[in-house]
Amino acid sequence: MVDVCFVAMADNASSQSKPKIITDTKIPGTQVPDVSQALGESERQKQWMSRVAVSTAVMAAIAAVGSSMGTGHLNQAMFEQIREADQWSFYQAKSIKEAILESRIETAEALKQSVSDADREKLKRYAGEKDGIRKAAEDCKQLSDMHMAKYLKMSRAATAAQIGIALAAIALLLKKNIYWAMAILGGLIGAVYLVMGLLVG
């Protein structure tokens, strides 16, 4: 009789020391727990956990889209910055050629020498080319700024959604609505930033 009681007490103590697992069942093709198969939970609690799981999936989608698009816009911003630098280097090269030609023409005029029409036409052409190059550099800067603004919005969307996912996990563990509400708020902030990122430019 004593042995039986001892075994029962040992089993009870071991069961209390083990952490409670919501469910071992995963949604097929993922590592996400299938909360509909949760053990020892009421139907109402299962429904609540299902809602938390759905909101987590939505936030994960926002985070994935924001992160992917943000990286693309960051790469594009860097590419436009490189193009802008190339255009300004080209502009400087044209300016140097223009300055040398101007100096040669001024020297010839000071020495009462004739200046060829080809040199005068070339000087005008350099001035026109410089205007085009400067415009191209300014366009590259505008594109770079636009892509950088999109990147910032997208990265904030991904960050807010990831914070929401973490809060949703805490809500599931502690079964507290307050953490789920905070998670939804994080997801909404992420969605707003995602829309703002799409509308920039």
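**Conventions.** I number residues from 1 along each chain as its sequence is written, and side-chain values use heavy atoms, with hydrogens and water left out. The model being predicted, local features need pLDDT of at least 70 and side-chain atom pairs count only at pLDDT 80 or more, while totals for chains, interfaces and linings use all residues.

**Secondary structure.** I looked up the elements as DSSP runs, numbered from the N terminus (helices: H or I, at least four residues; strands: E, at least two). The chain has four helices and zero strands, in the order α-α-α-α.

**Surface and contacts.** I took accessible areas from the Shrake-Rupley method with a 1.4 Å probe, counting only the protein chains shown as cover for residues. The accessible surface of the chain is about 13200 Å², and carbon and sulfur atoms account for 62% of it. For burial I used relative accessible area: buried is under 20%, exposed over 50%, partly exposed in between (1.4 Å probe, protein chains only). Of the 201 residues, 27% count as buried. I then took contacts (heavy atoms within 4.5 Å). Among those between residues at least 6 apart in sequence, 69% join residues at least 24 apart.

**Aromatic pairs.** I searched for rings of Phe, Tyr and Trp (its six-membered ring) with centres within 6.5 Å; planes under 30 degrees apart are stacked, over 60 edge-to-face, the rest tilted. The whole structure gives two pairs. Trp-48 and Trp-180 are edge-to-face, at 6.1 Å centre to centre with 80° between the planes. Trp-48 is in helix α2 (residues 43-110) and Trp-180 in helix α4 (residues 177-199), so this pair ties together parts 132 residues apart in sequence. I find Trp-48 buried at 14% and Trp-180 buried at 16%.

Trp-88 and Tyr-91 have ring centres 5.4 Å apart and planes at 80°, so I list this pair as edge-to-face. The two residues are three apart in helix α2, about one helical turn. Trp-88 is partly exposed at 30%, whereas Tyr-91 is buried at 18%.

**Nonpolar cores.** I defined a core as a set of buried Ala, Val, Leu, Ile, Met, Phe, Trp, Tyr and Cys residues joined through side-chain atoms within 4.5 Å. In the largest, of 16 residues, Trp-48 and Val-52 touch the most other members. Helices α2, α3 (117-174) and α4 each supply at least two residues, and α3 gives the largest share, seven. Beyond its neighbours within four places in sequence, Val-52 contacts Ala-168, Leu-172 and Trp-180. I also noted a second, separate core of five residues, including Leu-101, Ile-105, Ala-108 and Val-115.
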